[in-house]
Amino acid sequence: MADGAGRWGRRALLRRTVLLAGGAALGAAATAETAWIADRRLPLAGGPAGATVGNRHQQVGTGTVEVTWGVRTSERLVALTFDDGPRPQWTPMVLDTLARYAVPATFFLVGERARQHAALVRGRLAGHEVGNHSWAHHDLARMDARAAYDDLKRSHDAITAATGVAPRLLRPPWGHLGGAVLHAAARLDYRLVLWTLQMVEREFPHDPGGHARRIVADVQPGTILLGHDVGTEQRLVALRGLPDMITGLRARGYTFVTVSQLLRRAAVV
């Protein structure tokens with residue numbers, strides 16, 4: 001009798017466990033479904049998806065936005081870019097390496113960090129280029145047109161104050177685009193810059209040389225290369241291999257240029 005009671009007790013416990021697991025799975029599915037529905041119901045008119053605001057004249061600068069991933073060119077040119085900075089732990093390391101090898105780069109700065117660490121970049125970006133990477137690295141593609149513009153304008157002003165140069169390029173966080181981002185970029189007369197190739201640190205843990213060889217092999221003329229001067233310890237793989245990356249690309253005949261220089265050279269090819 002006791003043995004039978006034990007079996008029924010185990011069955012009840014197993015049934016409860018299965019029910020709990022099923023409930024957790026259903027809960028996770030419901031959360032994903034809710035997020036999906038919420039995204040689908042984001043407002044179109046004036047919302048993240050809408051690239052126009054209201055029914056009056058659109059105040060959008062020149063009225064044109066260009067989006068660039070890379071350029072077509074027969075010249076062996078590559079533009080090295082760094083996102084998410086500045087940060088004291090990493091940005092000086094990048095700037096030191098670039099100075100040692102006389103390599104120009106384009107830094108897409110987060111406005112909040114540029115204001116907080118203005119002394120870090122002031123006077124050290126001569127020969128380099130700065131772009132806007134939002135105020136606090138939030139997803140601009142989820143903001144409405146007003147919020148996206150306010151975010152980018154705030155960042156624009158902070159970067160200008162910190163570096164003495166007004167950014168003319170925009171790279172939205174994670175490369176996420178939406179109508180509101182396009183509208184805000186047009187108002188600020190920005191050119192949107194994404195990337196052709198990015199660092200792949202996760203594929204080469206503790207192997208800076210291997211990572212550098214992978215990037216060197218993958219670069220093609222007109223590549224815009226994405227790196228970061230902020231992040232986890234894992235991303236240091238790319239920065240520690242930066243000298244090998246530079247010398248490897250130069251050995252292949254490549255010249256380093258800023259994004260704007262790359263765009264100008266492409267225009268005359």
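Two residues are said to be in contact when they have heavy atoms within 4.5 Å of each other. Leaving aside neighbours within four places in sequence, Val 259 is in contact with Ala 79, Thr 81, Thr 106, Glu 129, Leu 169, Val 193 and Ile 224. Val 259 lies in helix 10, residues 259–267, where helices (H or I, at least four residues) and strands (E, at least two) are DSSP runs numbered from the N terminus. With a relative accessible area of 1%, Val 259 is buried, a word that stands for under 20% relative accessible area, calculated with a 1.4 Å probe on protein chains only. Ala 105 is 154 residues away from Val 259 in sequence, yet their C-alpha atoms are 7.6 Å apart in space.

The model is predicted, so that local features need pLDDT of at least 70 and side-chain atom pairs count only at pLDDT 80 or more, while totals for chains, interfaces and linings use all residues. Residues are numbered from 1 along each chain as its sequence is written, and side-chain values use heavy atoms, with hydrogens and water left out.

Turning to the whole protein, there are ten helices and nine strands, and buried residues make up 48% of the 269 residues. Among contacts between residues at least 6 apart in sequence, 77% join residues at least 24 apart.

Helix 7, residues 208–218, has as its buried residues Gly 209, Gly 210, His 211, Ala 212, Ile 215 and Val 216, and these pack against strand 7 (197–198), strand 8 (223–228), helix 8 (236–240) and helix 9 (242–251). The axes of helix 7 and helix 9 come within 8 Å and cross at roughly 35 degrees, the axes being lines fitted to C-alpha atoms over the stretch in contact, with angles that run from 0 to 180 degrees between N-to-C directions. In the contact itself, Gly 209, His 211, Ala 212, Ile 215 and Val 216 of helix 7 meet Asp 244, Met 245, Gly 248 and Leu 249 of helix 9. By class, the residues of this contact divide into five nonpolar, three polar and one charged, where Ala, Val, Leu, Ile, Met, Phe, Trp, Tyr, Cys and Pro count as nonpolar, Asp, Glu, Lys and Arg as charged, and the others, Gly among them, as polar.

Seen from helix 9, the buried residues are Leu 242, Pro 243, Met 245, Ile 246, Gly 248 and Leu 249, and they pack against strand 2, helix 2, helix 7, strand 8, helix 8 and strand 9 (255–257). Just after helix 9, Gly 253 takes a positive phi of about 90 degrees.

The largest pocket holds about 450 Å³ of space. On a 1 Å grid over the protein atoms alone, a pocket is an open set of points where a 1.4 Å probe fits, with protein on both sides within 12 Å along at least five of seven lines, and lining residues have an atom within 4 Å of a point. Grid points are joined across faces, edges and corners, and the volume is the space filled by probe spheres set on the points. Of the 23 lining residues, Asp 84, Trp 174, Gln 198, His 228 and Arg 235 are the closest to the centre of the largest pocket; the lining comprises eight nonpolar, seven polar and eight charged residues.

Asp 84 is placed in the loop between strand 2 (77–83) and helix 2 (91–101), and is buried, with a relative accessible area of 8%. Beyond its neighbours within four places in sequence, Asp 84 is in contact with residues including His 133, His 137, His 228 and Arg 235.

Conventions
Buried < 20%, exposed > 50% of the residue type's maximum accessible area, 1.4 Å probe, protein only.
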